[in-house]
Amino acid sequence: MKTFQTEIILTNPNRGTYNITQKIEAAVRDSSINTGLCHVFIQHTSASLIITENADPSVRQDIEYWMQKTVQDGDPRYLHNYEGDDDMSAHIRCMITDMSQTIPVSNGRLNLGTWQGLFLYEHRTGRFDRKLIITIQGE
């Protein structure tokens, strides 16, 4: 079994979903692993990783609409607000979503479904650098 690991840093301009599928595909190509698993982990508690539809952007708009309605910024009952109104809500959003995703690798590529993409979901409203650790194992 072969293991390849790399990290990338992404800068997000604001809250939202950012398609990172191609960046992770590049890491899979660099690994030279044909069959295995790709694990992507984000080292932050206010941004997450989601797999969702990659064709119609209204899907991601609807996800954000639901998230804003369900996990509101600036709730006066939040005790943790050191970095602003979006601080605690960002942590809760991460709990609802995921800090990592594991995707099969087949024929040297991510084996996602036709309409699936991997997205970094930034939960803060400012500009942030986010570090991702990508580990690919297989043959």
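Which exposed residues does the face of α1 turned away from its buried side carry? I looked this up first, bearing in mind that the model is predicted. That face carries Gln 22, Arg 29 and Asp 30.

Next I listed the buried residues of α1: Thr 21, Ile 24, Glu 25, Ala 27, Val 28 and Ser 31. They lie on the same side of α1, because the arc they cover around the axis is only 155°. An α-helix has 3.6 residues a turn, so residues three or four places apart point the same way. Just after α1, I noted a positive phi of about 60° at Ser 32.

I then turned to the nonpolar cores. The largest has 20 residues, and Ile 24, Cys 38 and Leu 132 touch the most other members. Two or more residues come from each of α1 (21–31), β3 (36–42), β4, β5 (100–106), β7 and β8 (128–138). I checked Cys 38 for contacts, leaving out residues up to four places away in sequence; among those it touches are Ile 24, Val 28, Leu 110, Ile 134 and Ile 136. Another core, of six residues, lies apart from the largest one and includes Met 67, Tyr 78, Phe 119 and Tyr 121.

Last, I traced a sheet. It is open and has three strands in the order β2-β7-β4, with antiparallel pairing. I found β2 (16–19) and β4 (47–53) at the edges, each pairing on one side only. From one strand to the next the twist averages 35°. Between β4 and β7 (residues 116–122) I recorded seven bridges. Glu 53 has Gln 116 in β7 as its bridge partner.

Definitions and conventions
Residues are numbered from 1 along each chain as its sequence is written. This is a predicted model: local features need pLDDT of at least 70, side-chain atom pairs count only at pLDDT 80 or more; totals for chains, interfaces and linings use all residues. Side-chain values use heavy atoms; hydrogens and water are left out. Two strands pair if DSSP finds at least two bridges between them. Helices (H or I, at least four residues) and strands (E, at least two) are DSSP runs, numbered from the N terminus. Axes are lines fitted to C-alpha atoms, for helices over the stretch in contact, and angles run from 0 to 180 degrees between N-to-C directions. A nonpolar core is a set of buried Ala, Val, Leu, Ile, Met, Phe, Trp, Tyr and Cys residues joined through side-chain atoms within 4.5 Å. Buried means under 20% relative accessible area, exposed over 50%, partly exposed in between (1.4 Å probe, protein chains only). Contact means heavy atoms within 4.5 Å. The arc is that of the directions from the helix axis to the C-beta atoms.
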